[in-house]
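Reader: I have a chain to go through with you. Can we take it piece by piece?

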Amino acid sequence: AAVAAAAYLITSEALTNAMRHSGCEHCQVELGPEAPWLLITVADDGAGIPESAPRGVGLTSMRDRAAEVGGLLEVTTTAHGTVVRAHLPLEARS
């Protein structure tokens, strides 16, 4: 249940950030198993995250949510878009 909640909240926040900040025309979400992970990718074709942009609560909360369930979050950004990729464990950690 914790991984499902993290997956939902990370995806929701990544979509919100793309719509609110990127100026994108398109945003694509992919979700699927890539053992031993549930891989979530949210990619937009917006302006990217400027290096001078202050790090907000959204990216921090996504990283924290992934870490809480034993996963990790990667953010890749260029002037042509941003990709948020979360790796969440498929198996509950013991």
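Author: First, a term: buried means under 20% relative accessible area, exposed over 50%, and partly exposed in between, with a 1.4 Å probe and protein chains only. This is a predicted model, where local features need pLDDT of at least 70, side-chain atom pairs count only at pLDDT 80 or more, and totals for chains, interfaces and linings use all residues. Residues are numbered from 1 along each chain as its sequence is written, and side-chain values use heavy atoms, with hydrogens and water left out.

Reader: Is Thr11 buried or exposed?

Author: Thr11 sits in helix H1. Helices (H or I, at least four residues) and strands (E, at least two) are DSSP runs, numbered from the N terminus. The relative accessible area of Thr11 is 14%, so Thr11 is buried.

Reader: Which residues does Thr11 touch?

Author: Contact means heavy atoms within 4.5 Å. Residues up to four places away in sequence are not counted. That leaves Val29, Ile40 and Val42.

Reader: In what order do the strands of the open sheet stand?

Author: Two strands pair if DSSP finds at least two bridges between them. The open sheet has 4 strands, with antiparallel pairing. Strands E1 (27–34) and E3 (72–78) each have a single partner strand, so one side of each is left without a neighbour in the sheet. The order is E1-E2-E4-E3.

Reader: How many bridges join E2 to E4?

Author: E2 covers residues 37–44 and E4 covers residues 81–89. The two run antiparallel. Val42 stands opposite Val84 in E4. The number of bridges joining E2 to E4 is 8.

Reader: What is the bridge partner of Thr78 in E4?

Author: E3 and E4 form a hairpin with 2 residues between them. They run antiparallel, joined by 7 bridges. The partner of Thr78 is Gly81.

Reader: How many of the 9 residues of E4 are buried?

Author: H1 lies across E1, E2, E3 and E4. H2 lies across E3 and E4. E4 is largely enclosed by the rest of the structure, because the buried count among its 9 residues is 7.

Reader: Are H1 and H2 roughly parallel or roughly antiparallel?

Author: Axes are lines fitted to C-alpha atoms, for helices over the stretch in contact, and angles run from 0 to 180 degrees between N-to-C directions. H1 (residues 2–22) and H2 (residues 57–68) pack at about 160 degrees, with their axes 10 Å apart. Angles under 35 degrees count as roughly parallel, over 145 as roughly antiparallel, 65 to 115 as roughly perpendicular and the rest as oblique. H1 and H2 are therefore roughly antiparallel.

Reader: Which residues of H2 does H1 meet?

Author: On the H1 side are Ala6, Leu9, Ile10, Glu13, Ala14 and Asn17. Their counterparts in H2 are Gly58, Leu59, Ser61, Met62, Arg65 and Ala66.

Reader: How far apart in space are Ser52 and His87?

Author: Ser52 lies in the loop between E2 and H2. Ser52 is exposed, with a relative accessible area of 69%. Ser52 and His87 are 35 residues apart in sequence. In space, C-alpha to C-alpha, the distance is 27 Å.
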